[in-house]
Amino acid sequence: MTEMAVQWEGVYLHSKEIVAREIEGELIIVPLVSGISETDDELFTLNETGRAIWALLDGKNNLTQIVQILTERYEGGAETIEQDVHGLVLELLTRRMIKQVPTAKG
Amino acid sequence: MPAGIYSDQENVDLYVLQKHKSIIGRLDLELTERCNNNCIHCCINLPSMDARVKARELGTDDWKAILRQAAEVGVISVRLTGGEPLLREDFPELYLYARHLGLRVILFTNGRLISPTIAELLAKYPALERIEITVYGMHQESYEAVSRMPGSYEEFRLGVERLLTRRIPFMVKGSLLPPNRKEVEEFNQWAATIPWMHGSPSLSLFFELRSRRDSTARNRQITRLRPSPEDGFAFLIRRSQTYRQHMEEFCGRFMAPPSDSLFTCGASRGGCIDAYGKLQLCMALRHPDYVFDMKTGTLKEALSTTFPPYLLERATNSDYLRRCAKCFLRGLCEQCPGKSWSEHGTLDHPVDYLCQLAHIQARYLGLLSESEMAWEVTDWQKRVQALTKGAPAK
């Protein structure tokens, strides 16, 4: 799996190569096309923190703004939240579950 | 700043992206009862070109509405089956629709209609569940003696080849019938070359009667093709050590106290919608009093309101109450309302063939003596415990 760079000024959006479903209060990410997961038959789920980050990856906020929003919403400190956002975004990007939205600046 | 202003804040846990484990349930969708084979032992097939049957089937939009409802109620996987589901011209559309709803798909097919287009579709949009191909013989002669369709063997091999070429995961399974009986080892060896097969393929041999109860003649034929309980058992124990090991584990998990409850099977964990929009508790149970018309109600309504009372029903048949309701072999026996319906037209009629088969196995495993019937046994728990520890009951 190719590792990709996470850009703090980048805006990200859920990929069209996955389907996100909410089942009994749980967010489940279902691969739509091949190559999302190692074996093509896996489903993924996020915990509450992951879901909060996921919900903000909506094509509007850049990652710096997402960290700000989460820092206001949660205890834990900006540094921890920054690490969480970076870690999850990197994993989601690597798994093609989100995409960076092209901006005017390119 | 007053204390408590942060009271609605939550602590941050590390994010977790983990593999989803809990499977909520599966819904079977019998897209058509038509089939391009005419297998000698089949419990459902109708002619593929039957225009009247085709006209009665649900349309594309009907199936899409059902798929939406399935996703809404939290179904994780749908099993697309038939008849031969690939006979439907809208199969690619329905498959893609299901996948776009985030549903995983199990596909049951004979593989004959896996065209390059279908294979490309399955390669690009993986089913995320298994594709199961039923194999009727390893050679044209044996295969077509079962399928009764000239050219079917070559099409099946082509379909399989298309999956292999594109590395689309699939499994094979078989039906043990007189024309292919001598090919079991050859089948096993071939199956072992399929990268996604783990262990020997499953083989059906205790064939079910037609669940539509639509043909006495065909039922007679199916009955003739079943092995006797003794012969069937001899086949089951052909690898005696593996069989015993498997059954010890199986009995430890599935033997349950005798009961007059009708639905001790998996019927409560899913459902099946037939080609015409009738929701059934399972694929075999087509008793008209136990189906729900999806044209007049919703899946949620059926699963939450209509079906639960059915699942509490108890047997009333005196023979069933005397035997099955007191029998501890229900984990070992395939008796269920669906089988009773197919065989006798009621939900609680003992199926003697299954009863005999369960008793032969129980005797071999040391759960019963030669002269005992399982419903006469009172110390069954002790016997099961002895078996699952590896020592047959004395």
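Student: In which sense do β3(B) and strand β11 (residues 270–273) of chain B pair?

Tutor: Keep in mind that this is a predicted model. Strands of a sheet pair through backbone hydrogen bonds, either parallel or antiparallel. Here β3(B) and β11(B) are joined over 4 bridges, with B:Leu27 opposite B:Gly271. The sense is parallel.

Student: Which residue is the bridge partner of B:Glu30 in β6(B)?

Tutor: Strand β6 (residues 77–81) of chain B also pairs with β3(B). That pairing is parallel and runs over 5 bridges. In it, the partner of B:Glu30 is B:Thr81.

Student: How many residues of strand β3 (residues 26–30) of chain B are buried?

Tutor: Look at both faces. In a regular strand the side chains alternate between the two faces of the sheet. On one side of β3(B), B:Arg26, B:Asp28 and B:Glu30 are buried; on the other, B:Leu27 and B:Leu29 are buried. The strand is largely enclosed by the rest of the structure, because the buried count is 5 of the 5.

Student: Which strands stand at the edges of the sheet?

Tutor: The sheet is open, has 9 strands and shows mixed pairing. Its order in chain B is β10-β9-β8-β7-β6-β3-β11-β12-β13. An edge strand here has a single partner, so one side of it is left without a neighbour in the sheet. The edge strands are β10 (203–204) and β13 (291–293) of chain B.

Student: Which residue of β12(B) is the bridge partner of B:Cys272?

Tutor: β11(B) pairs with strand β12 (residues 278–280) of chain B over 2 bridges. This pairing is antiparallel. The partner of B:Cys272 is B:Gln280.

Student: Where does the largest nonpolar core lie?

Tutor: This core has 90 residues, and B:Ala70, B:Val78 and B:Val105 touch the most other members. Domain 1 (20–204 + 266–312) and domain 2 (214–262 + 314–394) of chain B both give residues to it, so the core lies between domain 1 and domain 2 of chain B.

Student: How many residues of domain 1 of chain B are in contact with domain 2 of chain B, and how many of domain 2 do they meet?

Tutor: The centres of the two domains, taken over C-alpha atoms, are 27 Å apart. The side of domain 1 that touches domain 2 in chain B divides into 6 nonpolar, 2 polar and 1 charged. For the contacts, the count from domain 1 is 9 residues, and these meet 9 residues of domain 2.

Technical notes: Residues are numbered from 1 along each chain as its sequence is written. Chains are lettered from A and ligands numbered from 1 in the order in which they are written. This is a predicted model: local features need pLDDT of at least 70, side-chain atom pairs count only at pLDDT 80 or more; totals for chains, interfaces and linings use all residues. A nonpolar core is a set of buried Ala, Val, Leu, Ile, Met, Phe, Trp, Tyr and Cys residues joined through C-beta atoms within 7 Å. A residue is buried if 20 or more other C-beta atoms lie within 10 Å of its own, exposed if 12 or fewer, and partly exposed in between; C-beta atoms are placed from the backbone. Domain bounds come from an automatic or database domain assignment. Two residues are in contact if their C-beta atoms, placed from the backbone, lie within 7 Å. Ala, Val, Leu, Ile, Met, Phe, Trp, Tyr, Cys and Pro count as nonpolar, Asp, Glu, Lys and Arg as charged, and the others, Gly among them, as polar. Two strands pair if DSSP finds at least two bridges between them.
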